[in-house]
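Hi everyone, thanks for making time.

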Amino acid sequence: MIASSASRLPHTPASGPLIDLPAMGAPASGRRWRLREADAATAEAIAASGRDPVLARILAARGVGPEDVERYLAPSLREEMPDPFVLKDMDRAAERLTRAIIDGETIGVFGDYDVDGTTASAILKLYFDAAGVQSLIYLPDRISEGYGPSADAFRSLHRDGANLIVTVDCGAAAHEPIEEAARDDVDIVVFDHHQMSGPPPAGAAAVVNPNRPDDVSGLGNLSAAGVAFMGAVALNRALREAGYFKDRAEPNLMSLLDLTALGLVCDVMSITGLTRVMVAQGLKVLGGGGNPGLKALGARAGVKGPPSTYHLGFLIGPRINAAGRIGHARLAFELMTTEDVARRQELAEKLHVLNAERQEIEADVQAAALRDIETNQRHAHDVIVTVGAGWHPGVIGIVAGRLKEMYDRPVIVIGVEGESGKGSGRSITGVDLGAAVSAAREEGVLTAGGGHAMAAGLSIDVNRIGDFRRMMNERLARAVTLARTNRTYDIDAVVAPTAVSKSFADLTGLAGPYGPGNPEPTFALLDCRAEYLKTVGKGHLSLTLVNSVGESARAIAFRAEGEPLGEILSSGQRFHAVGKIRADDWRGGDAGQLQIADAAPAL
């Protein structure tokens with residue numbers, strides 16, 4: 001595969017000339033390298049205002065105009081926060097919650113067991129505590145109860161004194177349990193964000209979901225934690241207007257933003273618009289005082305430096321998730337809400353250990369899934385559906401995500417016990433897996449299922465797995481083909497090895513936080529050879545890149561040993577490399593390193 005030499009990229013130092021992206025051999029990834037599209041006039045106008053030209057191009061490529069630069073680089077929730085009542089049914093939800101609080105009712109909260117559901121539950125619990133409201137929290141067991149509310153769970157909360165129950169990260173499709181609760185005179189308010197294919201449950205007092213068909217708020221990019229935060233803002237206003245805070249302090253809503261950011265990042269929401277602002281402000285909160293539980297867990301996980309989306313998504317989030325996956329979500333919930341310092345440290349250690357156990361279980365399931373895929377040639381399908389007996393339901397989603405990256409197509413992993421299976425799927429950009437799974441449920445192929453574009457969960461009778469596999473491939477084949485055609489690595493700039501530094505990483509970080517929808521900048525280093533190449537950790541390659549004029553930079557390629565990327569790096573031949581520039585905390589000072597994502601032989 002030869003990249004076009006017509007793409008011209010800014011070279012750093014930024015004052016240097018534009019250079020051509022040279023011809024090259026086939027990249028290890030099979031993707032075509034290209035210049036990320038950006039309006040040249042916009043980039044020049046931003047640079048003319050005094051901004052570094054590389055940063056100017058990064059901003060222009062993400063749709064930021066000269067007039068929006070200051071606002072984009074310093075996101076303010078005060079300026080960007082919409083009226084929470086633009087969400088359908090938020091008025092009904094706030095009215096019922098306000099009435100309950102003023103009347104002294106106990107409020108129940110039913111949450112989900114993943115990071116988003118647990119953080120959303122913690123947001124409501126901490127808000128209710130600060131407002132002097134009695135609340136009861138119910139988090140289901142992943143193994144024995146599964147996803148979503150049940151009539152038994154609602155009855156349990158009702159017996160304990162809750163006549164009003166708020167569901168978070170679930171409930172939008174729980175028609176029967178909600179209707180049964182309504183018959184028992186229990187009001188249900190739903191805070192959810194999952195896709196809805198039909199009307200909301202008829203018995204609910206309110207269904208707040210930016211992804212319900214009749215919601216026109218434009219806030220479909222919020223996760224449950226984001227919806228819960230919006231709910232807290234709306235409730236706070238309603239209580240203020242009702243005079244509730246006349247003799248008491250209002251809760252500090254900003255203090256809930258680090259939990260909100262954690263839920264948004266770990267549920268893989270697009271880091272754009274309001275979501276980006278919430279995440280940016282949440283990271284600031286965590287870097288300051290922050291939720292004490294998250295701070296304790298971050299310290300145990302080895303978080304160093306200012307908090308980032310990487311820390312949330314790859315260090316703190318997996319440890320929170322480990323509780324719900326192989327332990328119980330109550331552990332993570334308690335960590336985020338307890339005021340007991342000793343208990344907080346104990347829980348942080350327990351979650352750290354659980355995460356290590358989760359990694360071992362995950363590795364076993366992934367190895368078994370790989371054997372099934374390779375033995376049965378399932379990678380020849382547009383959608384991979386792999387099935388195994390006894391696969392732990394707490395790790396199948398993580399395994400699906402890793403296999404999706406490996407095979408570059410949607411993957412659904414189903415663990416079977418007896419005559420039924422529980423599955424979890426992860427998709428690639430451009431393929432709406434949640435809608436396909438919801439359609440399978442509606443057609444009776446699944447006993448339960450749903451999700452959003454990039455992820456889905458399901459329950460299925462074993463004798464329908466073949467039908468499900470065929471349906472997914474028939475329904476999604478065209479979308480997968482289109483999504484995988486002309487896959488690219490979009491490059492923001494060609495850089496010299498001397499640019500690989502902490503100061504340059506800090507410069508490009510100004511346009512963050514990064515994530516889906518706002519991709520972290522990717523840079524190319526040209527005509528390099530590898531020196532001091534060695535294996536570190538589990539298959540990672542550490543090396544020094546040296547270009548044709550002797551300039552050098554440290555680099556690392558994760559899980560590259562034995563892979564096409566590793567073969568290019570260790571070939572002894574000259575190559576081009578693309579990746580992300582990060583600070584090198586290990587060496588300190590202004591040291592940086594290139595995290596190599598792809599490489600191609602130099603011609």
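Let's start with E346, which is partly exposed, with a relative accessible area of 42% (buried is under 20% relative accessible area, exposed is over 50%, and partly exposed is in between, using a 1.4 Å probe and protein chains only). Before I go on, some housekeeping: this is a predicted model, where local features need pLDDT of at least 70, side-chain atom pairs count only at pLDDT 80 or more, and totals for chains, interfaces and linings use all residues. Residues are numbered from 1 along each chain as its sequence is written, and side-chain values use heavy atoms, with hydrogens and water left out.

Back to E346. Its side chain meets that of R343 in a salt bridge, 3.0 Å from N to O (a salt bridge is a side-chain nitrogen of Lys or Arg within 4 Å of a carboxyl oxygen of Asp or Glu). R343 and E346 sit three residues apart in helix 15, residues 341-375, so about one helical turn separates them. On numbering, helices are DSSP runs of H or I with at least four residues, strands are runs of E with at least two, and both are counted from the N terminus.

How many salt bridges does a search of the whole structure find? The count is 35. One of them joins R62 and D492, at 3.1 Å from N to O. R62 is in the loop between helix 2 (53-61) and helix 3 (69-73), while D492 is in the loop between strand 14 (488-491) and strand 15 (493-495), so this pair ties together parts 430 residues apart in sequence. Both R62 and D492 are buried. Another salt bridge links R71 and E79, at 3.7 Å from N to O. There, R71 is partly exposed at 42% relative accessible area, and E79 counts as exposed at 53%.

Now, helix 15 again, this time with a neighbour. The axes of helix 13 (residues 309-326) and helix 15 come within 8 Å and cross at roughly 70°; axes here are lines fitted to C-alpha atoms, for helices over the stretch in contact, with angles from 0 to 180 degrees between N-to-C directions. That makes helix 13 roughly perpendicular to helix 15, a label for angles of 65 to 115 degrees. In helix 13, residues including P318, I320 and I326 take part in the meeting, and in helix 15 L351 and I361 are among them (contact means heavy atoms within 4.5 Å).

I320 and L351 come up again in the largest nonpolar core, where they are among the residues with the most contacts. That core has 93 residues; a nonpolar core is a set of buried Ala, Val, Leu, Ile, Met, Phe, Trp, Tyr and Cys residues joined through side-chain atoms within 4.5 Å. Helix 9 (residues 224-241) gives the most to it, with eleven residues. A second, separate core of 38 residues includes V54, A553, I568 and I596.

Last stop: helix 7, residues 151-159, where A151, A153, F154, S156 and L157 are buried. Strand 4 (106-110) and helix 8 (175-183) are among the elements that cover them. After helix 7 comes G161, with a positive phi near 115°.

Technical notes: Parallel < 35°, antiparallel > 145°, perpendicular 65-115°, else oblique.
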